[in-house]
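Please keep the sequence and the model in view while you read, and look up each residue as it is mentioned.

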Amino acid sequence: MPVILQVSNLVKRFGQLTAVNDISFEIYQGSCFGLLGPNGAGKTTTIEMMEGIKTPDAGTIRYQGEALGQQFRNEAGIMFQTTALQEFITVREIMVQFSRFYPNTSSIDELAERYALHEFLNQDTRKLSGGQKQRLLLAMALINKPKILFLDEPTTGLDPQSRRNLWKQVQLVKEQGATILLTTHYMEEAYELCDEIAIMDHGRIIAHDAPDALLAAHFDDVVVQIHAKDIPREIGEKEFQAIYRNDSAHILTGDVNKTIEHLLHFDIPLDRLRIRARDLEDLFLELTGKELRA
Ligand SMILES: Nc1ncnc2c1ncn2[C@@H]1O[C@H](COP(=O)(O)OP(=O)(O)O)[C@@H](O)[C@H]1O
Ligand SMILES: [Mg+2]
């Protein structure tokens, strides 16, 4: 697959703060690339430079080998944050307004049908629920049949069902051949949707690869999770080097059988025991010493 977008040594400063600090990566055509990181990591600043909205202080962005220009603007779809949605206007009106920016657009009725918005076409945008607003914003981003779609935290604030629903829509867009760049602080979202992930913290990329490759490169153990009440801290910490977080004690082990035998030896009840693979949240914690959603 050819590279569609190439980012080289990108820097953005706000006064003393370097919000994006010399990052480089390439996005392959037809793939979904995720920028994963906590609030303030520099994701929005990065995506806005890539969208051509913010001007970098240093570095370059190339779309199909060229600097960002008219062709890029015609072929890029941008899903803005909900706060940008105009009010006192109907869903159809906002879609018509938006489609006027582009030479080549999809039919509004078809988009409304596909994103289950047809019932609301004549309603004021204020009456939409969170999930409906996100679907409208996605439909608007797709109005110019984009080759590359930018999604900045597309599911933040949505309930789990609306979130899964939006994931499905994004997957459909990808199946139709579009390239996607998305930012998120939900590791499940990055894991579910992205072919490649760059983990950002303090304006830098601290790890970058396919999600499973990132996990395989960093971990060869699993997490045995026990209810904190079932394993006294002095035993957990001393005997198992357990890490206590919220209601659970987390034991990292490369040998589950041995760990369970050891737990039985201390008469630890195993009724509430869970075993899970290491995930991107663990990776972020390992790389930075802090939690993704802190
Ligand atoms: N217009 C701005 N002026 C000053 N500081 C900003 C501006 N935009 C973002 N920042 C700062 O830059 C850093 C990165 O912000 P942002 O890119 O929005 O992060 P993220 O999207 O990962 O939460 C944060 O510390 C934020 O406060
Ligand atoms: Mg942001």
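This is a predicted model: local features need pLDDT of at least 70, side-chain atom pairs count only at pLDDT 80 or more; totals for chains, interfaces and linings use all residues.

Residues are numbered from 1 along each chain as its sequence is written, chains are lettered from A and ligands numbered from 1 in the order in which they are written, and side-chain values use heavy atoms, with hydrogens and water left out.

**The chain as a whole**

- The secondary structure comes to 11 helices and 14 strands, where helices (H or I, at least four residues) and strands (E, at least two) are DSSP runs numbered from the N terminus.
- Of the 294 residues of the chain, 47% count as buried, which is defined as under 20% relative accessible area, with exposed meaning over 50% and partly exposed lying in between (1.4 Å probe, protein chains only).
- The C-alpha trace spans about 70 × 45 × 40 Å along its principal axes.
- Among the contacts with a separation of 6 or more, 67% are made by residues 24 or more positions apart.

**The sheet that contains β1**

- Strands of a sheet pair through backbone hydrogen bonds, either parallel or antiparallel.
- Four strands form an open sheet in the order β2-β1-β4-β5, with antiparallel pairing; two strands are said to pair if DSSP finds at least two bridges between them.
- Because β2 (17-28) and β5 (66-67) stand at the edges, each with a single partner strand, one side of each is left without a neighbour in the sheet.
- Strand β1 (residues 3-14) pairs with strand β4 (residues 58-63) over five bridges in the antiparallel sense, and Val-11 stands opposite Ala-58 in β4.
- Helix α1 (residues 43-50) lies across β1, β2 and β4 and runs at about 55° to β2; axes are lines fitted to C-alpha atoms, for helices over the stretch in contact, and angles run from 0 to 180 degrees between N-to-C directions.

**The sheet that contains β11**

- A further open sheet of four strands has the order β12-β13-β11-β14, again with antiparallel pairing.
- Its edges are held by β12 (243-245) and β14 (274-277), each with a single partner strand, so one side of each is left without a neighbour in the sheet.
- From one strand to the next, the twist averages 30°.
- Strands β11 (residues 222-227) and β13 (residues 248-253) run antiparallel and are joined by six bridges, with Thr-253 in β13 as the bridge partner of Val-222.

- A nonpolar core is a set of buried Ala, Val, Leu, Ile, Met, Phe, Trp, Tyr and Cys residues joined through side-chain atoms within 4.5 Å.
- The largest such core has 49 residues, and those with the most contacts inside it are Met-95, Leu-136 and Leu-280.
- Helix α5 (residues 130-141) gives the largest share of this core, six residues.
- Apart from it lies another core of 24 residues, among them Leu-5, Ile-23, Ile-61 and Ile-148.
- In helix α11 (residues 280-288), the buried residues include Leu-280 and Phe-284.
- Asp-279 caps the N-terminal end of α11, with a side-chain oxygen 3.1 Å from the backbone nitrogen of Glu-281.

- Asp-201 has its place in strand β9 (residues 196-201) and is buried, with a relative accessible area of 10%.
- The side chain of Asp-201 makes a polar contact with the side chain of Lys-290 (3.0 Å); a polar contact is a pair of N or O atoms within 3.5 Å, and within protein one must be able to donate a hydrogen and the other to accept it, while residues adjacent in sequence count only if both atoms are side-chain atoms.
- Five bridges join β9 to the antiparallel strand β10 (residues 204-209), where Arg-204 is the bridge partner of Asp-201.
- Two residues lie between the strands of this hairpin, in which His-202 takes a positive phi near 45°.

**The ligand site**

- Residues surrounding ligand 1 include Phe-14, Leu-17, Pro-38 and Gly-42, counted as near if one of their heavy atoms lies within 4 Å of the molecule.
- Oxygen atoms of ligand 1 lie 2.7 Å from a polar backbone atom of Gly-40, 2.9 Å from a polar side-chain atom of Lys-43 and 2.5 Å from a polar side-chain atom of Thr-45.

Note on methods. Contact means heavy atoms within 4.5 Å.
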